[in-house]
Amino acid sequence: MSTAQPEAPLAGHRVIELAGIGPGPFACTMLADLGCQIVRIDRLSARTSALPDELVNLGVRGRTTIAIDLKSEAGQEVARSLIDTADVVLEGFRPGVAERLGVGPERFTDSNPGLIYARLTGWGQDGPYAEMAGHDINYIGLTGALAAIGDRDRPIPPLNLLGDYAGGSMFAVVGILSALVERTRTRRGRVIDVAMIDGVTSLMAPIRDIATLGMWVEERSSNMLDGGAPFYRAYRTSDDRFMAVGALEPVFYTSFVTGLGFVEHELPNRFDPENWSNLTTLFADAFASEDGDHWQGVFDGTDACVTPILSMSEAPLHPQNQSRPMPREAVDPGTGDISIVLASAGVNTDQFEALIADGVMAVR
């Protein structure tokens, strides 16, 4: 029986990443982990981002990187040559910027008809906000998602996971993978328009469906899935740690209340919101009577859907997380040989050195 590792599913595909921050780089990292060769075209001029380079480059692995002056004709020619060798381009500019830089999708209709051109923005390519700057908190704020997350005093952003990465990166990768499958039939590429506001709106569909059924109120911490229900929320233990409770189904709820030491039929009806405050107090007092290790010992191995809430430093040490493989690092940042990549695009060594000497390109 062979022990050889199978080839990555997207091996042999080249992706040109027009450098940005946040969801675009994360999508490309996912594609790198799936086997794509990622060629990152960075800006040659000084960054306009206020973020330090350490944050801008965080997680940017699996790349071969080169900086190109896309405001120069010579730089645009190099970029277009690279894109002509690619299967996928991903850019996260505001609408019209790629066209002004000479690398919009229409430039490759004839030279690379199989190109999949993914555009990833916050607001989309049109609409009254299309030209505005924004971040995750703005996109999820306009979809109704942020208004539903937090405590009763104010909305609390769920890091930048929902807009940037779920609504942006994940939808971009799904779109790219779908287009790659389609291309096997049609031999044609397509332009993919991924807007984070659209992605989050799509993710909100199940909650909107619940609201349509009249089973959701718009006051935060008042619903079954937003921390309002006593059987779906976090509880503090005696040592100031927290336990996550997700005992939705009847059999799980039975296991949960039994573990806490209650007799289920002696408790008030859990589905009546009028009883939630009383039940929450009962459960909170029970959890506060013992430390986190005690409750983990009680619930580990049961179907109560009760688990510890771990800090970022604790999480990697948990046995369940240690049993999962970490994403592989295909290529460390900057270690790929860009001269080989450029040669495949028709840029020979002399041209390569001349472009660097002229300040059109820089190796990073």
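Author: Gladly! A helix here is a DSSP run of H or I with at least four residues, and helices are numbered from the N terminus. Just after the helix numbered α1, G35 has a positive phi of about 115°. Please keep in mind that this is a predicted model.

Reader: What makes α1 (residues 23-33) a helix that is mostly covered?

Author: Buried means a relative accessible area under 20%, and 8 of the 11 residues in α1 are buried. Among them are P23, G24, P25, A27 and C28. In the whole chain of 364 residues, 39% are buried.

Reader: Why is D240 called exposed?

Author: The label takes a relative accessible area over 50%. D240 has 54%, so it is exposed.

Reader: How do you know that R236 forms a salt bridge with D240?

Author: The test is a side-chain nitrogen of Lys or Arg within 4 Å of a carboxyl oxygen of Asp or Glu. For R236 and D240 the closest N and O atoms are 3.3 Å apart, so the pair passes. R236 is partly exposed, with 44% relative accessible area. R241 and D239 pass as well, at 3.7 Å from N to O; R241 has 26% relative accessible area and D239 has 33%, and both are partly exposed.

Reader: How many salt bridges does the rule give, and which parts does the pair of R40 and E17 tie together?

Author: The count is 11 salt bridges. R40 and E17 meet at 2.7 Å, N to O. R40 lies in strand β2 (residues 37-43) and E17 in strand β1 (residues 14-18), so this pair ties together parts 23 residues apart in sequence. R40 is buried at 1% relative accessibility, and E17 is buried at 1% too. Both of them, along with R63, are linked in a network of salt bridges.

Reader: On to the rings! Why is the pair of F231 and F271 called edge-to-face?

Author: The search of the whole structure finds 16 aromatic pairs. In this one the centres are 5.9 Å apart and the planes stand at 70°. F231 is in the loop between α8 (205-212) and β7 (232-236), and F271 in the loop between α9 (250-260) and α10 (276-288), so the pair ties together parts 40 residues apart in sequence. F231 is buried, at 0% relative accessibility, whereas F271 is partly exposed, at 45%.

Reader: And what makes the pair of F287 and F299 tilted?

Author: Its angle is 35°, with 6.4 Å between the centres. Planes under 30 degrees would be stacked and over 60 edge-to-face, so 35° is left as tilted. This pair links helix α10, which holds F287, to helix α11 (residues 292-299), which holds F299. All four of these rings belong to one aromatic cluster, which also includes Y253, W276 and W295.

Reader: How do you know that the charged end of R270 sits over the ring of Y253?

Author: One part of the test is CZ of Arg within 6 Å of the ring centre; R270 is 4.2 Å from the centre of Y253. R270 also lies over the face of F231, at 4.6 Å from the ring centre.

How values were computed:
Residues are numbered from 1 along each chain as its sequence is written. This is a predicted model: local features need pLDDT of at least 70, side-chain atom pairs count only at pLDDT 80 or more; totals for chains, interfaces and linings use all residues. Side-chain values use heavy atoms; hydrogens and water are left out. Rings of Phe, Tyr and Trp (its six-membered ring) pair if their centres lie within 6.5 Å; planes under 30 degrees apart count as stacked, over 60 as edge-to-face and the rest as tilted. Helices (H or I, at least four residues) and strands (E, at least two) are DSSP runs, numbered from the N terminus. Buried means under 20% relative accessible area, exposed over 50%, partly exposed in between (1.4 Å probe, protein chains only). A charge sits over a ring if NZ of Lys or CZ of Arg is within 6 Å of the ring centre and within 35 degrees of the ring normal.
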